[in-house]
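Student: Could you take a close look at one chain of this model with me, and then at the place where its partner meets it? I would like one connected walk through it.

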Amino acid sequence: MARKLLLEHINVPGINTFDVYRQKGGYRAVEKALKMTPDEVVEEVKKSGLRGRGGAGFPTGMKWSFLAKPEGVPRYLVCNADESEPGTFKDRYLMTYIPHALIEGMIVSSFALGAKTSYIYVRGEMMPQIRILERAIAEAKNAGFLGKNILGSGYDLELYVQPGGGAYICGEETALLESLEGKRGNPRIKPPFPAIAGLYGCPTVVNNVESIAATVPIINDGGEEYAKIGIGRSTGTKLISASGNLVRPGVYEIELGLPVEEFIYSDEYCGGIANGKRLKATVAGGSSVPVLPANLTLKLANGDPRLMSYESLSEGGFATGTMMGSGGFIAFDEDQCIVRNTWNFSRFYHHESCGQCSPCREGTGWMEKVLHRLEYGHGKMSDIDLLVDVSRKIEGNTICPLGDAAAWPVASAIRHFRDEFEWHVKEPVKCLDTNYGLANYANPIAKAEVTTEN
Amino acid sequence: MSDKVKVTIDGITVEVDPGTTILNAARQIGGDIVPPAMCYYSKLEGSGGKCRTCIVKVSKGSEKDPRPMPKLVASCRTTVMDGMEVQNITSPEVLEARSGVVEMLLINHPLDCPVCDQAGECDLQNLGYEHGLQKTRYEFERRTFERIDIGDKIQLHMNRCILCYRCVFTADQITNKRVHGILNRGDHSEISTYIQTAVDNDFSGNVIDVCPVGALTDKTFRFKNRVWFTKPIDAHRDCPTCSGKVTLWYKGEDVLRVTARKDVYGEVEEFICNTCRFDKKKTADWVIEHPTHISDTSVISSNHYETMKPLPVIQDNPKLQLANKIELEKTTKF
């Protein structure tokens, strides 16, 4: 069994209550951190090499050290629990079953940043989780871990849960801050970055739920110990929410560096593809990352096995790689239609675009309409190139990463599954009730192809 | 001067104050290298960054950190650094991205220029001529909205809107309170009020001037005339609420419309009040200054039928005749 840090006690009955969590060694990190100086805590997180678990993979310790610390201005820590990426449900799982891990992490992180008020911005649809968190906060407050003068250390912290309105865009950190301030959740134009002027114009750090929860084992065991887990610059463990045509979909805590093949097929994790079918494609990190065919999922372009780590997943750039993203692992078996799936993702981004900047507002709708036409057999050959062109015009030209996130799945689907798109044009009637099938997407990667793609 | 920073745009170096945006630095140079801006408005704080037409390539970040910026940046919101090198029209990448943005702006635009009051002075029209494609690649139904009156003198034609948010900033910063804003999200988002004709403010008419397209139009001028048939004259009056400096748009002897004076980038010089804009439409209300200078490339300057016979206001004012000398000479040649 691989080492578990976050979900170690997940099967203990009543772990969602303060008493059981405390018995299992909970809140030790708070006791330990409050005896250290805030800078030491930041240093410990830096040493751990923890990278943001929300998608971009930016080193958390470095993000913390960028926080401006002007005199007389409050600083804020905001936990981004607006998890709405299709395919990602790890934060919801964590908050539902082990909410005190997040609360404990919030106390430690707020102490490290010197924040006296911290917010957990939870997606509006997650009403049960909001209640769970509020209860957990009340319990922690009762036990003296929140409020004035925590454990006699003189450190005060108030923790608030803020339900969002349920917009995907509010998962973008500046849009989240706008929404938290009570405004329309439009992303801000950066710079200034939140570390300089964030919530109410004060320095703010926005972190994902899992990043914050991961500070607990880092403080408990020490940053260096944490950095020993994992591979290379991808340290520690990561929650992966596996879904799709798998025997056992669910949330798994993996050590970074686990081979993708083992993750999909071993009995400890997903247990293979359901109903004895074959793997066709995967989306490795939530809907925003490029989709990969089966052969490139399991192997790198040079034939080495692909690992679940930030570096290995993005090996090969956009030509043959993908991204770790937020850990929403979606597997497609041979009966799934990539065109339909791309249309589905595209529909999501069309619906969720905030409408602030023009390429994303207009381009996502355009892509969705073209993909809808292709999926339902009214497409033309030129549509495929049109889609590539539109996605290229959106990518990189928008205020926030939603434009990129909308463009990548479409561009990568056409890059790797062009045959299937063309088949939808050539067989407009057949494509309505049959699927293109596995085709050659699971074949070993041809050597010649590799040299041309690089 | 040590407190100035040097920035090079398309090979032309200029010294500007620290904190200036790339767009404003380019405007100090002027000419073709100024990136077009649909949403940025120098008089409105916080505007810009949304339309993405002003994107440029920063090929050298600064003297200290010479790395280029990884993405194209919005020049209206990016401040210059010392030694920064920017490529605008010299970079094919920028021009391609910009034409992509223009295409995106136009896919849901009705392109009803022949019946649009803004035609002839429309920023989107200019942008389309410069960067647009000959033919659209968009083959779907465009989104449509009903026309609504957001004030008793202002009509909103949401189909034409490009969501630049300028009118929202104007209402925030010029008027006492804002009662219109953005509803909905994505490509369904629209400028609207919750209650029709709710915009009632002394300065609400300025939203018409800041609108880069024909989405917000003056109901006292709608369909009266095409702008290129009218003759703009700068005038002023003693106004208790605003500066009173306006442009009167004449057709024959009638003032068809009153707008604020606009500079070379289509931005108003000073905001004017609704009394000046909607109610003072007689020459007697105004002190005439001189004909407005309109760029030679503008369609407004090309079709001055009135100039065959000098305007009545010019005929009996030697000062105006002098100011109009070149134009008068031109017309007397025929």
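Tutor: Chain B is built from 10 helices and 14 strands. Its radius of gyration is 21 Å, close to the 20 Å that the globule rule gives for 334 residues, so chain B is as compact as a globular protein of that length. Along the principal axes, its C-alpha trace spans about 60 × 50 × 45 Å. Buried residues make up 41% of the 334 residues in chain B. Among contacts in chain B with a separation of 6 or more, 63% join residues 24 or more positions apart.

Keep in mind that this is a predicted model. The mean pLDDT of chain B is 87, with 92% of its residues at 70 or more, and the model as a whole scores ipTM 0.86 and pTM 0.90.

Now to the partner. Where the chains meet, 26 residues of chain B are in contact with 22 residues of chain A. On the chain A side, the elements giving two or more residues are helix 15 (338–352), helix 16 (358–375) and helix 17 (381–394). Helix 16 of chain A supplies the largest share, eight residues.

Finally, a look at the largest nonpolar core, which has 211 residues. Val78(A), Cys79(A), Leu102(A) and Val108(A) touch the most other members there. Take Leu102(A): leaving aside neighbours within four places in sequence, its contacts are Cys79(A), Leu94(A), Met95(A), Val209(A), Ile212(A) and Ala213(A).

Key: Residues are numbered from 1 along each chain as its sequence is written. Chains are lettered from A and ligands numbered from 1 in the order in which they are written. This is a predicted model: local features need pLDDT of at least 70, side-chain atom pairs count only at pLDDT 80 or more; totals for chains, interfaces and linings use all residues. pLDDT is the predictor's confidence in each residue, from 0 to 100. A nonpolar core is a set of buried Ala, Val, Leu, Ile, Met, Phe, Trp, Tyr and Cys residues joined through C-beta atoms within 7 Å. A residue is buried if 20 or more other C-beta atoms lie within 10 Å of its own, exposed if 12 or fewer, and partly exposed in between; C-beta atoms are placed from the backbone. Two residues are in contact if their C-beta atoms, placed from the backbone, lie within 7 Å. Helices (H or I, at least four residues) and strands (E, at least two) are DSSP runs, numbered from the N terminus. The radius of gyration is taken over C-alpha atoms; the globule rule is 2.2 Å times the number of residues to the power 0.38.
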